[in-house]
Amino acid sequence: MYTILICDDDRDIVSALDIYLTSEGYQTVKAYDGREAIRAAETHEVHLILMDIMMPELDGIRATARLREGSNVPIILLTAKSEDTDKILGLNIGADDYITKPFNPLEVIARVKSQLRRYTALGGAEKGPGLITAGPIAMDDGAKVVTVDGEPISLTPIEYNILKLLLSHPGQVFSSTQIYEQVWNDPAYGSENTVAVHIRHLREKIEINPAEPRYLKVVWGLGYKIEKGA
Amino acid sequence: MKKLQCSAAAKICAVLVLLAAAFGAGVFGVRALISSVSITRSSWQDSSRFYSAIDERCQNLVEGIEMSQTLEELEKQIAEGTANPLAYADAEALREEKARMEERFSRQNTWFRFRLLTDDGQTLLGTNLKDDEAISRTVKEMHYFSFELWEGGAYGNGHYYDPETAGLNPDAEAAPLKLVLEYGVPEKVDDSIQDEFSQIWRLWDMDRASFDQYLTGFLNLGALTLLALFWLLWTAGHKAGAEGTVTTWQERIWFDLYAVAMIAAVVLLSACTIWAAEQLYWGRSYAVRGEDFDTFFNLGIMGAGALFAVGVGCGTLLLRTLAVRLKAHCLARTTLLCRVVTWMVRTIHDFVRLLPFTWKIVLGFGAYVIVTFFLIMGGVYNGAFMFMYLCLQLALLIFLSWWAYGYYRLRQGTKTIAGGDLEYQIDTRRMPYDLRLQAEDLNNISAGLSAAVDEKMKSERFKAELITNVSHDLKTPLTSIINYVNLLKSTQQTDPKAIEYIEVLDRKSQRLKKLTEDLVEASKASTGVLSVTREKIGMSQLIDQATAEWEEKLSDRRLTLVTTLPEGETWVYADGRHLWRVIDNLLSNCAKYAMEGTRIYLDLERGKGQVALSVKNISRDPLNVPAERLMERFVRGEESRSTEGSGLGLSIARSLTELQGGAFDLAVDGDLFKAIVTLPQAN
């Protein structure tokens, strides 16, 4: 039974999230500004925090920074700001993920689950010789098994090979041509489109919201990459 | 000290002292001037006074000799009985006259010594020397006068008779009687015999004795005058109870006019003083003894002193006003000449300045050519002109260098400002006038630009803030709506109508979400708040990625994508994420508005440093609006707004393309809809 702290200055959003999370079987603690959130995190044993950025008294960024001083509890930022700089700032300050408003409740639950799995289970996962990981994605090359947050996903051999190529070079951008030549072992003659389609399928399997990928990212006009250190 | 400087009493005292001292100095000066003659000559006989006196004696003597000859002839006629009846009376009168003359020239009555000789020097006709006296030893300097004695008159040959050649006169026989007068005055005379010579000597002696005294008096009083003058100059312009320099009516007169008048007065008065001194000098010499000349002389001296004092007074007034003007720093301002010259210089200067630049060059060049021509012409004959010509060239070189340096500074400044440093101010000191005007204008522009840029930055920040806040304020309630509609959907509804209503709410809230997002994005893109990071982007790669994203959705609508790409990768300079949004919007447009079962053509073309991507599709509904209108916000191909889409897609696409330095064009040909994105090609 996990306890989730929900913090937003809009009470309706808090109660809506409360209903969703409670129906998923989580306990919730509510807070309506940054100060209350910090107090609640001190008094309750909290396993995850959903935190709005724009709040009175103490905003989400500052509160996150304050909480990070003594805890590594997962924090997901809820943000109405769609500015990239806000997201980057939030992640740099110690948040683990973010969801932009207006959000889909299902996406929230999926992200909450993912973060909780990572926070509770992944800590003890042993790193075998053939294990390649990036964020929640783990690939056991020996067993040819790929898991996301510990949940195995089924991939076609081509998808598997593409993911393996990208995972073994995190942060590096591969163009469609490079991926084609490496995975198919053939010179590419206008068959790059295939690569793009495969990667889209791959993204749909790995990412919670494929339109806003967190791990397998599209670098528009250049290629694809696995986010380094994600 | 300040008090003393301002004291009116001290000033009046100084004026009185000045005038008194000047008067005294004048008196002593005139006296010293008169007596200076005695100092500069070695002997009292070496003076014009003496010469004129001795000449007069000589003339008198010659007249006396003529008279005695006339008398002799008259007596002879009387003795012969040929004289007219009145001759006796004449003779008597002549005899009286002769006696008086003899009396006058006798040793007892004069220091004048003479010898009358025939011109051969043999016969002595008359003298007032003693027998044992030689005239050459008696007198200080011997004078000669030779003359011919005719019947009825004497004709002098001049003063300087040479005794050596006298006897060799070839006309000796022709002349009736040739005579030589030797005369002079002894060096030592005294008051034992009183005549004009003793008087001259006495005055000379007196002058000689008192000259030092007069000079000392003059110098002392002159020093006192100067002291008083300096005091007056020092205190000039200061007045008790007044700050700064006080000017009077005198300072309102043009200085040069004042100076000319005063200098003329001083010169005139000095000339008068000297003239008076001269008159007095001569007058004293000729004054007949016994007349009351001394009183007149003294009065004359006083008058000369007064003239001198007035002259000094005039000079003092001039110096005083000069001092006041200098203290008040208004000398140049109150000088007519200076004002006129300043005015003329300024007028010419302004005229030249205001001349159009072209005229300046033309006139300057013309003047240069003329001057050069004359200098070269002159230089053929005269080296000085050649030198002046060289100097002119040097001056021209310096002038041009000055100009060039000014231009260089202007250029540097312009470059700096153009480089983005709007705060930069060009240093306009010692710049040529025309360049300075340019530089000042540029400085003003840069200041104005700087302000405008600041203003723009401020408004940009304001816009960005506004968009962020509005988007937050819209998104927060929208989040609640979507969430609660979702919750409502999960509840059990028995009424089929309620289920239908919830469906509507769900659909519309999703549409509202999309609209909000598009709205924020459109305003961000059109206000330029978005940050653009342009880099080398592969167009073929991007189109691949985009088609991969859209292929399924398009095929769901039975739309076929036909892509034509040139050989190899096509590189452009663009921001990948923004360019993706452009293509995404275009393809989403196709998905929404293209007629089902048709093909969508995606063509990429390279050429002339530009890359053009065109997207063509057949519209499902007739396009009843012109292409330009389609790009406006909230305009869609069909008038009804029932379909999905915000009507912002094309507007966003255009703004984003333009942000990246590209061009976005639409063309409508019947039902054919064509969008062209043109971007600069990267090498």
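Let's start with Leu166(A), which is buried, with 27 other C-beta atoms within 10 Å. By buried I mean 20 or more other C-beta atoms within 10 Å of a residue's own; exposed is 12 or fewer, partly exposed is in between, and C-beta atoms are placed from the backbone. Before I go on, this is a predicted model: local features need pLDDT of at least 70, side-chain atom pairs count only at pLDDT 80 or more, and totals for chains, interfaces and linings use all residues. Residues are numbered from 1 along each chain as its sequence is written, while chains are lettered from A and ligands numbered from 1 in the order in which they are written.

Back to our leucine. Leu166(A) sits in helix H6 (residues 157-168) of chain A. Helices (H or I, at least four residues) and strands (E, at least two) are DSSP runs, numbered from the N terminus. Which residues does Leu166(A) contact, leaving aside neighbours within four places in sequence? They are Phe174(A), Leu216(A), Tyr224(A), Lys225(A) and Ile226(A); contact here is C-beta atoms, placed from the backbone, within 7 Å. Ile179(A) is 13 residues away from Leu166(A) in sequence, and their C-alpha atoms are 8.8 Å apart.

Now chain A as a whole. It has eight helices and 11 strands, and 40% of its 230 residues are buried. Of the contacts in chain A with a separation of 6 or more, 54% join residues 24 or more positions apart.

On to the sheet. Five strands of chain A form an open sheet with parallel pairing, in the order E2-E1-E3-E4-E5; two strands pair if DSSP finds at least two bridges between them. At the edges are strand E2 (27-31) and E5 of chain A, each pairing on one side only. Neighbouring strands of this sheet are turned by 20 degrees against each other on average, direction ignored. Strand E1 (residues 3-7) of chain A runs parallel to E2(A), joined by five bridges, and Thr3(A) stands opposite Gln27(A) in E2(A).

Helices lie against these strands too. Helix H3 (residues 60-68) of chain A lies across strand E3 (48-52) and strand E4 (75-79), at about 155 degrees to E3(A). H5(A) packs on the sheet, touching E1, E3, E4 and E5 of chain A, and its direction makes about 175 degrees with that of E5(A). For these angles, axes are lines fitted to C-alpha atoms, for helices over the stretch in contact, and angles run from 0 to 180 degrees between N-to-C directions.

Most residues other than glycine have a negative phi, and most peptide bonds are trans. Where is the cis peptide bond? It joins Lys101(A) and Pro102(A), with omega about -10 degrees, and Pro102(A) is in the loop between strand E5 (97-100) and helix H5 (105-120) of chain A.

In chain B, Arg430(B) has a positive phi, near 50 degrees. Arg430(B) lies in the loop between helix H12 (383-418) and helix H13 (433-490) of chain B. Is Arg430(B) buried or exposed? Exposed, with 10 other C-beta atoms within 10 Å. Lys608(B) also has a positive phi, near 55 degrees, and is in the loop between strand E9 (599-607) and strand E10 (610-618) of chain B. With 7 C-beta neighbours inside 10 Å, Lys608(B) counts as exposed.

Notes:
Two residues are in contact if their C-beta atoms, placed from the backbone, lie within 7 Å.
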